[in-house]
Amino acid sequence: MPTVAPLDLEGHCIAAVFLGDVPHFAMADGAIHRLDHGHKTVQANDGLLAAFHDAANDRMITGGEDGKVFAVKTGGEATELASAARKWITSVAAGPQGAIAYASGKTAFVRFADGKTREFVHPRSVEGLAFSPKGMRFGVARYNGATLHFPAAEGKPVELEWAGAHTGITFSPDGAFLVTTMQENALHGWKLADGKHMRMTGYPGKVKSLSWSVKGKWLASSGAPAAIVWPFSGKDGPMGKAPLELGTRGNAVVTAVACHPSQDVVAVGYDDGMVMAVRFADAKEVLLRRPGKGAITSMMWDKEERRVAFGSAAGDCGVIDITA
C-alpha cells in the first residue's frame, strides 16, 4: 500500500504541484505551503483565484483578487510579474520563451519575458487561457467559443465558434487540437488544421479537470463516476470513438485527473477525497489514498514518477509515495 504524508491546511487548495522535487500547495487565501525539510509558507496573492504550473521554467504562476500576478519558485521565492490595478485576475497560463498570460474581465494580457505586455480585449469575459505548445500563440475560452491570438505578430485573431459558455481551454501536446470545458456538462474540441468540430458529451456533471497523456494520445477528464479518457491518436481525434471509463465508482464522482509523466496511467481523485491510479491498457486499479476530507481539486506527479502531490477543497493535502 502506498504511504501518504498528510498536510492538513485551512481552506481550499487551488493547486498542488512539484517545483523541483519539493511539493507546493497553493491555497485560496494566497498562502503557498511547501514540504521542504519541514512545513514552510510564503504569501503570494491576497486571495488566490488561479494558478498554473509552468513546467518549462519550474515555477508556479498565480493570479488573485488583489489584481496581481506572481511567479513562485522552488524555495518559496515569490516575485510579482504584473498587476491589473485591483481587478480580479481570474485565469493565468505560461507559454514559450518565458511568456505568461493572465485575464481580468474581458481583457487578456500577454507579458513577454522582457516585461513588455500586450492587451487583447474581447466582447465578453475571458474565462480560460492556454498557450499552444507550438509557436507563440494562445487561446482564450469565451462565451460561444474560443479565440486564438498571435501576440508576437500583428493580424486578426482566429475565431472558433460554438454556442454556449466555454470555461476552460487546453491545446493537445502536438498543437493539433484545441479542447474547451463548457458550462454545460460537455467538452468541445476543434481540429485546428481544418476547424472540424469534436463534441464530447454524456457527462453527468461539469468537467473541471483535464490532463493529456504523455504523448497526447489520450485526454483524461473529470465530471463522471469514472475518469472519462478520450482517444486522440487518430487524425480526427475522438470522433466516432468511445472513451475509456477508468476507476468507476458507483457512489463517488471524479473531480481531478493527472496523467503519469511517462506511462499510460492516470491518477484519479474523487469528491470523497479518495485517489486511485488506473492503467489505460487493462483498467487495472491501485488504491493510492483512502477517502478523506473534501473533494480532490489538484494532483501532480513528480519527475521521478514515484510521488503524487494532492490537494482538496477542504485543505486536506499531502504527498503519496507509490514506491513505499
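Lining the second largest pocket are Pro 2, His 260, Gln 263, Val 265, Ala 277, Val 278, Arg 279, Lys 284, Val 286, Leu 288, Trp 301 and Ile 322. A pocket is here an open set of points on a 1 Å grid over the protein atoms alone, where a 1.4 Å probe fits, with protein on both sides within 12 Å along at least five of seven lines, and lining residues have an atom within 4 Å of a point. The model is predicted, with local features needing pLDDT of at least 70 and side-chain atom pairs pLDDT 80 or more, while totals for chains, interfaces and linings use all residues. Residues are numbered from 1 along each chain as its sequence is written, and side-chain values use heavy atoms, without hydrogens and water.

The volume of this pocket is about 230 Å³, taken as the space filled by probe spheres set on the points. Its lining divides as follows.

| Class | Lining residues |
|---|---|
| nonpolar | 8 residues |
| polar | 2 residues |

Strands E26 (275-279) and E27 (285-289) each supply at least two lining residues, and E26 gives the largest share, 3 residues; strands are DSSP runs of at least two residues, numbered from the N terminus.

Elsewhere, 4 strands form an open antiparallel sheet in the order E1-E30-E29-E28, where pairing requires at least two DSSP bridges between two strands. Because E1 (3-8) and E28 (296-301) at the edges each have a single partner strand, one side of each is left without a neighbour in the sheet. E1 is joined to E30 (residues 316-321) by 6 bridges, and Thr 3 stands opposite Asp 321 in E30.

Technical notes
Nonpolar A, V, L, I, M, F, W, Y, C, P; charged D, E, K, R; others polar.
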